[in-house]
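Good morning, colleagues. Please take a moment to look at the sequence and the model, and then I shall take you through them.

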Amino acid sequence: MTILKTYGRLWADDLDLVLPLLREMVGADPDLRFAFDGVELAAIGDFLVVAGPPQERAKYAHASATVIVSDLDEQIRALREHGAEITTDMGTSATGRFLYARHAGGPEVEYVEWVPELVERIISG
């Protein structure tokens, strides 16, 4: 398994108010923008902005980062081999398959395996 990209998470009330500064800082528009389960998400540069009401954002606040991997099944194997606990079972979204895991020692991370079109457009493109 390979890490393709890592996003630091930013928490926001309103995505449209956050994006202008980030566009200026990274010199680009978001690579992704979509709604998911009560929040709006935008991936821009090395940031993943999670926006919406505090009670909706709180559902995702347990993870400190979003890590895009080449093979989620291989990532699960490595996580288990190193004593990690899967805290949110694998699910799917518009971007591909994902899960949350708490590593030995405590940090919790979201792992995502993007659909091939996103890997081609964002990573390879």
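This is a predicted model: local features need pLDDT of at least 70, side-chain atom pairs count only at pLDDT 80 or more; totals for chains, interfaces and linings use all residues.

On the other side of helix H3, which residues are exposed? They are Arg80 and Glu81, where exposed means over 50% relative accessible area, buried means under 20%, and partly exposed lies in between, with a 1.4 Å probe and protein chains only. Residues are numbered from 1 along each chain as its sequence is written, and side-chain values use heavy atoms, with hydrogens and water left out.

Let me stay with H3. Its buried residues are Leu72, Gln75, Ile76, Ala78 and Leu79. Seen down the helix axis, they fall within an arc of 165°, so they line one face of H3; the arc is that of the directions from the helix axis to the C-beta atoms. In an α-helix there are 3.6 residues a turn, so residues three or four places apart point the same way. The buried residues of H3 pack against S5, S6, S7 and S8, contact meaning heavy atoms within 4.5 Å.

Helices (H or I, at least four residues) and strands (E, at least two) are DSSP runs, numbered from the N terminus, and two strands pair if DSSP finds at least two bridges between them. The sheet is open and has eight strands in the order S2-S3-S4-S1-S5-S8-S7-S6, with mixed pairing. Its edge strands, each pairing on one side only, are S2 (32–36) and S6 (85–93). S2 and S3 (residues 39–44) run antiparallel and are joined by five bridges. Within this pair, Leu32 stands opposite Ala43, and Ala35 has Glu40 as its bridge partner. The hairpin of S2 and S3 has two residues between the strands, and Asp37 takes a positive phi near 50° there.

Helix H1 (residues 15–26) lies across S1, S2, S3 and S4, running at about 5° to S3. Such angles run from 0 to 180 degrees between N-to-C directions, with axes fitted to C-alpha atoms, for helices over the stretch in contact.

What of the interior? A nonpolar core is a set of buried Ala, Val, Leu, Ile, Met, Phe, Trp, Tyr and Cys residues joined through side-chain atoms within 4.5 Å. The largest has 17 residues, of which Tyr7, Leu32, Leu41, Leu48 and Trp114 touch the most other members. S3 gives the most to this core, with three residues. Apart from it lies another core, of 11 residues, including Val67 and Leu79.

Finally, the aromatic rings. Rings of Phe, Tyr and Trp (its six-membered ring) pair if their centres lie within 6.5 Å; planes under 30 degrees apart count as stacked, over 60 as edge-to-face and the rest as tilted. The whole structure holds four aromatic pairs. In one of them, Tyr7 and Trp114 have ring centres 6.4 Å apart and planes at 55°, so the pair is tilted. Tyr7 lies in S1 and Trp114 in S8, so this pair ties together parts that are 107 residues apart in sequence. Both Tyr7 and Trp114 are buried. The rings of Phe98 and Tyr100 have centres 6.5 Å apart and planes at 90°, so that pair is edge-to-face. Phe98 is buried at 11% relative accessible area, as is Tyr100 at 4%.
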